[in-house]
Amino acid sequence: MNDSAVKVTNLVKRYKELVAVDHLNLDIKEGEVFGLLGPNGSGKTTTINCILSLLAYDKGEIEIFGEKMTPDNYKIKSQIGVVMQNVAVFEELTVYENINYFCGLYISDKALRKQYVEEAIEFTGLNDFKKFYPKKLSGGLLRRLNIACGIAHKPKLIILDEPTVAVDPQSRNKILEGILELNKAGATIIYTSHYMEEVEQICSRIAIVDKGKNLALGTKDELKKLIKKREIITIDILDINSSDIAEIKKLPHVYEVSFEEHQLSILCDGGKHNLIRVLDFLQQKEYSFGYVHSELPTLNDVFLEITGKELRD
């Protein structure tokens, strides 16, 4: 489908002198898993709060499923599920009661609500914990409960803000598998995370934002083509002359070479057979070397080159 689930046009949000969101544009299509990446303070959370009409903004337009989003557009709000980074459940209610309460905000029919609650419990793997209170749950189970509360009413648009923070690997895998299942069932997903490998694994398109601006947008492969680094070659070698390092720098497509702690690192900006040329050179010079590795750039490399920051800074 090519219809827009969320369309943000020229969005501006100021806090006095601080411009938190600076003429931001996004067009998220129905059926996408859309990654929203940015360092802390980049404007991601502010953008999400504007999309949800939880914040008034200074300029711009926001449409959800073709309708203008406003604080009192409850028809659209009922089609949105939100799972924020901070777990928001009632300590005095059991797992079942929590999910039932949040589902009840949108689904008034008791029989339908009961069905939806049971399906949310099944979906998040909480069957054995229905009667547990939140304080008895592990961090991973608590995250799953938070997700169940946000998606039980079967929303068409789901916003997940850091849903896997501080959870064990088993729960992380369960959550990621669940997100893809929700997407296959028809939900559009907006996903923020500090874990690049998760974004690479599940997102169909990704926006990189910083200082309130959209710096780059595309699939992971499209984003990787935006940066100079196209291949990283690493070779374990006992020692190498500085003159030979200078010669390696002159090889086609090589733009940076470093040698530290017996490891030779070579960055290439594209081309083919870079590794073969480097190994041929080392063999001609009669160097002995050990482990050899060639890899393509990661999304983290893209992020670092575009923003100048590590995502987890």
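Guide: In this predicted model, the lining of the second largest pocket divides into 11 nonpolar, three polar and four charged residues. Helix 4, residues 110-123, gives the largest share of that lining, with four residues. The space in the second largest pocket comes to about 250 Å³. Its lining numbers 18 residues, and Lys154, Pro155, Leu182, Ala185 and Ala187 are the closest to the centre.

The largest pocket may be set beside it. About 450 Å³ of space lies there, and 18 residues line the largest pocket, with Ile80, Gly81, Val82, Phe102 and Tyr106 nearest its centre. Strand 6 (80-83) and helix 5 (139-151) are the elements that each give two or more residues to this lining. Strand 6 supplies the largest share, four residues. By class, the lining of the largest pocket holds 12 nonpolar, five polar and one charged residues.

Strand 6 leads on to the sheet. Six strands form an open sheet with mixed pairing, in the order 6-7-8-3-9-10. Strand 6 and strand 10 are its edge strands, each pairing on one side only. On average, and with direction ignored, neighbouring strands of this sheet are turned by 15° against each other. Within the sheet, strand 3 and strand 8 (residues 188-192) run parallel and are joined by three bridges; Gly35 stands opposite Tyr191 of strand 8.

Two helices that pack on the sheet deserve mention. Helix 5 touches strand 6 and strand 7 (157-161), and its direction makes about 165° with that of strand 6. Helix 6 (residues 169-184) touches strand 3, strand 7 and strand 8, and its direction makes about 150° with that of strand 8.

Strand 3 also has a part in the setting of helix 11. In helix 11 (residues 299-307), the residues Leu299, Asp301, Val302, Phe303 and Thr307 are buried. The cover over the buried residues of helix 11 includes strand 3 (33-37), strand 9 (205-210), strand 10 (213-218) and strand 11 (231-237), together with helix 7 (196-202) and helix 8 (220-224). After helix 11 comes Gly308, with a positive phi near 75°.

To return to the part requested: the second largest pocket, with about 250 Å³ of space, takes the largest share of its lining from helix 4, while strand 6 holds that place in the largest pocket.

Terms used:
Residues numbered from 1 in each chain as written. Predicted model: local features only at pLDDT ≥ 70, side-chain atom pairs only at ≥ 80, totals over all residues. Heavy atoms only, no water. Buried < 20%, exposed > 50% of the residue type's maximum accessible area, 1.4 Å probe, protein only. Contact = heavy atoms within 4.5 Å. 1 Å grid on protein atoms, 1.4 Å probe; cavity = no way out; pocket = protein on both sides within 12 Å on 5 of 7 lines; lining within 4 Å. Points joined across faces, edges and corners; volume = space filled by probe spheres on them. Nonpolar A, V, L, I, M, F, W, Y, C, P; charged D, E, K, R; others polar. Pairing = 2+ DSSP bridges. Axes fitted to C-alpha atoms, helices over the stretch in contact; angles between N-to-C directions.
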